[in-house]
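Subject: Handing over the structure

Hi,

Here is the structure I said I would pass on to you.

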Amino acid sequence: MSVTAGIRAGLARRRAVGAVGMLAFALVLAGCAALSVPKKPPEVSLAGIEWREGTLFEQHFAIKLRLDNPNAQPLPLKSLVLNVELAGQRFASGRSLAPLTIPPEDDAVLVIDVRSDLLSVLRVVREAQRDGRTMIDYRLLGDIELDGLGRHPFERSGLVPVDRVEKQLLRNIPHAP
């Protein structure tokens with residue numbers, strides 16, 4: 001074999017190896033795109049509150065949260081910590097450790113059992129009534145932990161009618177024997 005033929009054969013092998021390498025790189029990039037990490041945490045909103053049980057000093061509620069997934073991939077929820085404020089005062093707190101997968105571009109409802117201090121809530125209701133307000137502001141604060149994707153804080157606020165809060169609480173206050 002001549003020197004020139006040897007050089008040509010070496011160049012042909014390098015081109016073949018380069019082409020295989022480029023193909024492998026393109027396949028890896030395509031695989032990464034298919035397994036891309038969701039870019040946005042779920043959006044949290046209040047879906048409902050249900051009274052469970054309680055005493056004069058402590059109430060237990062089930063707070064229903066709607067978790068909207070804006071991503072094209074499912075979101076694996078590991079845990080959620082929740083604090084609820086009414087009129088700037090702490091109303092309830094709780095934590096969910098039940099795993100939940102939020103489908104892509106869809107939503108799921110998560111129910112969290114929370115504890116509340118009845119007396120402080122009644123104080124907020126009475127103050128709103130005294131001031132002539134028909135609505136009380138609420139705020140949801142917390143952290144969502146997504147499996148393998150870290151913690152994400154959230155905050156959501158809105159208004160709730162004073163009379164609805166009062167009726168829900170007064171209807172469920174235990175009466176003295």
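**What turned up**

Let's start with Arg-66, which is partly exposed, with a relative accessible area of 31% (buried means under 20% relative accessible area, exposed over 50%, partly exposed in between, with a 1.4 Å probe and protein chains only). Its side chain meets that of Asp-107 in a salt bridge, 3.6 Å from N to O (the term stands for a side-chain nitrogen of Lys or Arg within 4 Å of a carboxyl oxygen of Asp or Glu). The pair links distant parts of the chain, with Arg-66 in strand S2 and Asp-107, 41 residues apart from it, in strand S6 (residues 107-116). Asp-107 counts as partly exposed too, at 30% relative accessibility.

Before going on, please keep in mind that this is a predicted model: local features need pLDDT of at least 70, side-chain atom pairs count only at pLDDT 80 or more, and totals for chains, interfaces and linings use all residues. Residues are numbered from 1 along each chain as its sequence is written, and side-chain values use heavy atoms, with hydrogens and water left out.

**The overall layout**

The protein has 3 helices and 8 strands (helices are DSSP runs of H or I with at least four residues, strands are runs of E with at least two, and both are numbered from the N terminus). Along the sequence the pattern reads α-β-β-β-β-β-β-α-β-β-α. Of the 177 residues, 32% are buried.

Side chains of opposite charge can pair when their charged atoms come close. How many salt bridges does a search of the whole structure find? The count is 9.

One of them joins Arg-139 and Glu-155, at 3.0 Å from N to O. Arg-139 lies in strand S7 and Glu-155 in strand S8, so this pair ties together parts that are 16 residues apart in sequence. Arg-139 is partly exposed at 30% relative accessible area, whereas Glu-155 is exposed at 52%.

There is also a network: salt bridges that share partners join Glu-50, Arg-52, Lys-64 and Asp-113. Within that group, Glu-50 forms a salt bridge with Lys-64, and their closest N and O atoms are 3.9 Å apart. Glu-50 sits in strand S1 and Lys-64 in strand S2, 14 residues apart, and the pair links distant parts of the chain. Both ends are partly exposed, Glu-50 with a relative accessible area of 37% and Lys-64 with 30%.

**An aromatic pair**

The structure holds 1 aromatic pair (ring centres of Phe, Tyr or Trp, the last by its six-membered ring, lie within 6.5 Å; planes under 30 degrees apart count as stacked, over 60 as edge-to-face and the rest as tilted). The partners are Phe-61 and Phe-91, tilted at 50 degrees between the planes and 5.5 Å centre to centre. Phe-61 belongs to strand S2 and Phe-91 to strand S4 (residues 89-96), so the pair ties together parts that are 30 residues apart in sequence. Are these two buried or exposed? Phe-61 and Phe-91 are buried.

**The largest pocket**

The largest pocket has a volume of about 340 Å³ (on a 1 Å grid over the protein atoms alone, a pocket is an open set of points where a 1.4 Å probe fits, with protein on both sides within 12 Å along at least five of seven lines, and lining residues have an atom within 4 Å of a point; points are joined across faces, edges and corners, and the volume is the space filled by probe spheres set on them). It is lined by 18 residues, and the closest to its centre are Leu-46, Ile-49, Val-160, Arg-164 and Val-165. Which element gives the most to this lining? That is H3, with 4 residues.

**Loops to look at**

Most residues other than glycine have a negative phi, and most peptide bonds are trans. Ala-87 has a positive phi, near 50 degrees, and is found in the loop between S3 and S4. Glu-105, not a glycine either, has a positive phi of about 50 degrees. Glu-105 is in the loop between S5 and S6 and counts as exposed, at 62% relative accessibility.

Leu-97 is in the loop between S4 and strand S5 (100-102).

Cheers
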